[in-house]
Amino acid sequence: MAKRTAIIDIGSNSARMVVFERTSRYGFYLLNESRSRVRISEGAYARNGELQPEAIDRAIAALSQFLQVAKSFKVRKILCVATSAVRDAPNKREFLQRAHRDLGLRIKVIDGHKEARLGGVAAVNLLPIQDGITIDIGGGSTDMALIKGKKIVQTCSLDIGTVRLKELFFDNKRPLDEAKNYIDTALKELPDTFRATLAVGIGGTIRAIAKAIMERNTHSIEKLHAFSFSIDDEGKFIDKLTKASVMKLSKYGIKKDRIDTIRPGALIFKQIVEAIEAKEVITSGAGVREGLFLSDLLRNDNYLFPANFNPSVRSLQDRFCVDTRLAANISSTASALFKALQAPFNLPEEGRRHVEIAAKLSQIGIRLDFYDYHKHSAYMIMNELDFGFTHEEMILIATLVRFNKRRLPKESFTRPYKKLLPDGSTLAWMSYIVSLAQTVHIARGYGSVNAYYDSGVLFIEAPFGIYLAKERLKKLEKPAPIAVQFR
């Protein structure tokens with residue numbers, strides 16, 4: 001696979017291009033994103049699906065610029081797909097031929113089931129989920145994938161989308177009940193198997209709704225990916241969006257570029273969620289583009305990352321870790337320390353994975369500044385540890401890394417995230433474990449470390465010199481009185 005790959009997605013509302021750079025076999029990160037609100041479906045649904053000349057011109061102009069950006073990054077592979085508006089258009093051949101003739105770009109038109117599968121591939125690999133139903137509301141269709149045990153077992157595509165409903169009902173000011181009936185008719189095509197307690201929201205409509213919910217609840221992390229909410233808590237708010245005036249939509253936190261399509265989008269979303277009997281929603285910042293990239297990357301791996309692999313952790317290590325072998329040793333030592341202290345101090349089992357990851361990433365900020373590397377490391381984790389973690393896990397790992405030198409987490413830092421972090425005692429012990437693991441390896445010693453706890457004493461056995469570790473140990477702030485002895 002090429003080191004740099006560009007993915008272009010031509011949707012009904014927008015055309016987007018992302019450029020991903022691989023850092024290793026499975027590691028990657030986003031290098032660039034370009035977006036144009038081409039509205040290729042504008043006027044189409046009221047004219048038997050025909051793409052209008054002005055819309056085609058906008059799309060060609062945007063694609064030309066996308067290719068210029070890709071060329072500047074020396075991209076070696078470009079994958080381009082078009083979805084609902086283009087596949088439904090009787091004159092799609094005209095658009096596809098022009099793109100090939102004028103730009104040298106081959107566009108693959110994918111059906112709704114393929115679109116649903118790509119969204120599912122993104123969800124199972126980049127979100128902390130095992131089961132659920134993806135809901136990707138586009139301009140012309142809504143595509144869904146049923147996921148069980150991280151496997152896509154079924155897909156479904158419905159001919160209901162934001163632009164389609166806008167042009168058929170909302171622009172003509174037809175009664176809301178007519179739009180609801182139209183959605184209900186489409187939902188009759190939904191298989192009976194599509195039932196799940198978790199809905200995975202993909203696409204601009206659900207991201208806009210999630211942003212508004214985050215603002216009204218003053219959510220402490222400004223990150224959409226993996227943000228979750230309860231339908232019981234937010235269902236009435238979503239209902240309000242379907243009936244609100246433009247002025248009200250602005251006050252509700254809906255951004256300008258979504259105001260004209262958010263009402264039909266919210267209506268579709270709410271009725272689908274009720275139909276599949278979902279109770280919770282998790283928002284995905286990844287969708288068709290990421291799914292297409294991952295389908296190419298993981299085509300020989302059943303479209304799944306290896307067990308216990310996380311692409312964000314791998315990418316951060318690939319790009320910023322000074323010594324991956326040392327990082328692995330620090331992580332292994334943190335795991336041994338956690339096992340020794342887990343029972344005596346009632347630490348949760350899932351906390352071991354978190355201290356292992358925090359220890360592994362604890363020194364990635366050194367490349368920016370040695371003296372404040374812990375602060376830089378935490379910032380990088382908060383902004384780059386996107387995939388496969390809940391918001392609670394993201395802020396926990398960042399906090400453990402932020403306070404991995406001498407001090408325990410300060411309340412002035414943790415206060416805004418109190419609802420997301422574990423109790424003070426658990427957090428303090430986990431932080432101490434990461435700090436202690438780094439202390440053990442302060443002289444860059446390599447090897448397997450053993451630890452056990454007995455009668456108020458933590459015994460540590462290391463196969464390398466620990467003189468500097470003993471000296472540094474005296475400066476570590478402890479969560480409670482505890483003696484540490486090296487052997």
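**Salt bridges and aromatic contacts in the predicted model**

The side chains of R37 and D260 are joined by a salt bridge, with 3.4 Å from N to O, where a salt bridge is defined as a side-chain nitrogen of Lys or Arg within 4 Å of a carboxyl oxygen of Asp or Glu. This pair links distant parts of the chain, since R37 is found in the loop between β3 (28-36) and α1 (53-72) and D260 in helix α10 (residues 259-276), 223 residues apart; helices (H or I, at least four residues) and strands (E, at least two) are DSSP runs numbered from the N terminus. The structure is a predicted model, in which local features need pLDDT of at least 70 and side-chain atom pairs count only at pLDDT 80 or more, while totals for chains, interfaces and linings use all residues. Residues are numbered from 1 along each chain as its sequence is written, and side-chain values use heavy atoms, with hydrogens and water left out.

R37 is partly exposed at 37% relative accessibility, and D260 is partly exposed at 27%, where buried means under 20% relative accessible area, exposed over 50% and partly exposed in between (1.4 Å probe, protein chains only). Over the whole structure, the search finds 33 salt bridges. Among them, E42 and R58 meet at 3.0 Å, N to O; because E42 lies in the loop between β3 and α1 and R58 in helix α1, this pair ties together parts that are 16 residues apart in sequence. A salt bridge of 3.1 Å, N to O, also joins R319 and E384, which lie in helix α12 (residues 311-320) and helix α15 (residues 373-384), so that parts 65 residues apart in sequence are tied together.

Aromatic rings were examined next. Rings of Phe, Tyr and Trp (its six-membered ring) pair if their centres lie within 6.5 Å, and planes under 30 degrees apart count as stacked, over 60 as edge-to-face and the rest as tilted; by this rule there are 18 aromatic pairs. The rings of F20 and F293 have centres 4.5 Å apart and planes at 35°, so this pair is tilted. F20 belongs to strand β2 (residues 15-22) and F293 to helix α11 (residues 288-297), so the pair ties together parts that are 273 residues apart in sequence. Both F20 and F293 are buried, and together with F28 and F387 they form one aromatic cluster. The rings of W429 and Y432, by contrast, have centres 5.9 Å apart and planes at 85°, so that pair is edge-to-face.
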